Amino acid sequence: MIFITAKFPVKPEHADDWPELSRAFTEACRAEEGCLWFDWSRSLDDPNEYVLVEAFRDEAAGAAHVQSDHFKEATSKLPSYLSATPRIVNTTVEGTQWSELGEMAVEK
């Protein structure tokens with residue numbers, strides 16, 4: 001799968017609104033056939049930073065994602081709400097699911 005993590009530095013005046021500002025994009029991405037997950041979190045250290053964790057089934061799904069109309073629209077509109085260019089880690093890994101963190105296994 002293609003596994004991506006990106007940090008989005010949002011302008012302070014838009015930070016509380018980011019979930020709504022990015023909602024249409026998020027929902028469209030989650031609806032893509034090859035999207036495994038597309039999840040936002042807000043940084044605990046910086047309230048103006050959102051972290052996106054996303055995964056796509058394979059290269060074809062990743063290509064379809066960046067060629068989609070909603071991706072093009074988001075890359076056109078969303079940067080106006082950012083204070084800097086997002087930082088990204090993009091890699092390919094085996095599998096299509098999360099693995100358990102054995103070091104913190106919960107006894108049942």
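**Strands, helix and core**

Colleague: Which residue in S3 is the bridge partner of Pro-9?

Modeller: In strand S3, Pro-9 has Glu-49 as its bridge partner. Please keep in mind that this is a predicted model, in which local features need pLDDT of at least 70 and side-chain atom pairs count only at pLDDT 80 or more, while totals for chains, interfaces and linings use all residues. Residues are numbered from 1 along each chain as its sequence is written, and side-chain values use heavy atoms, with hydrogens and water left out.

Colleague: And how many bridges do S1 and S3 pair over?

Modeller: S1 and S3 pair over eight bridges in the antiparallel sense, where two strands count as paired if DSSP finds at least two bridges between them. The strands themselves are DSSP runs (E, at least two residues), as helices are (H or I, at least four residues), and both are numbered from the N terminus.

Colleague: What order do the strands take in the sheet?

Modeller: The four strands form an open sheet in the order S2-S3-S1-S4, with antiparallel pairing. S2 and strand S4 (87-92) stand at the edges with a single partner strand each, so one side of each has no neighbour in the sheet.

Colleague: Where on S4 does Phe-3 sit, I mean, which residue is opposite?

Modeller: Phe-3 stands opposite Thr-91 in S4, and six bridges join S1 to S4.

Colleague: New topic: which residues of H2 are buried?

Modeller: In helix H2 (residues 23-30), the buried ones are Phe-25, Thr-26 and Cys-29, where buried means under 20% relative accessible area with a 1.4 Å probe, protein chains only. They lie on the same side of H2, because they cover an arc of only 100 degrees around the axis, taken from the directions from the helix axis to the C-beta atoms.

Colleague: What covers them?

Modeller: The cover includes strand S2 (35-42), helix H3 (59-67) and helix H4 (69-77).

Colleague: How many residues are in the largest nonpolar core?

Modeller: That core has 18 residues, and Phe-8, Val-10, Trp-18, Phe-25 and Phe-38 have the most contacts inside it. A nonpolar core is a set of buried Ala, Val, Leu, Ile, Met, Phe, Trp, Tyr and Cys residues joined through side-chain atoms within 4.5 Å.

Colleague: Which element gives the most to this core?

Modeller: S1 does, with four residues.

Colleague: What does Trp-18 touch?

Modeller: Leaving out residues up to four places away in sequence, Trp-18 touches Phe-8, Val-10, Trp-40, Tyr-50, Leu-78, Tyr-81 and Leu-82, with contact meaning heavy atoms within 4.5 Å.

Key. Buried < 20%, exposed > 50% of the residue type's maximum accessible area, 1.4 Å probe, protein only.
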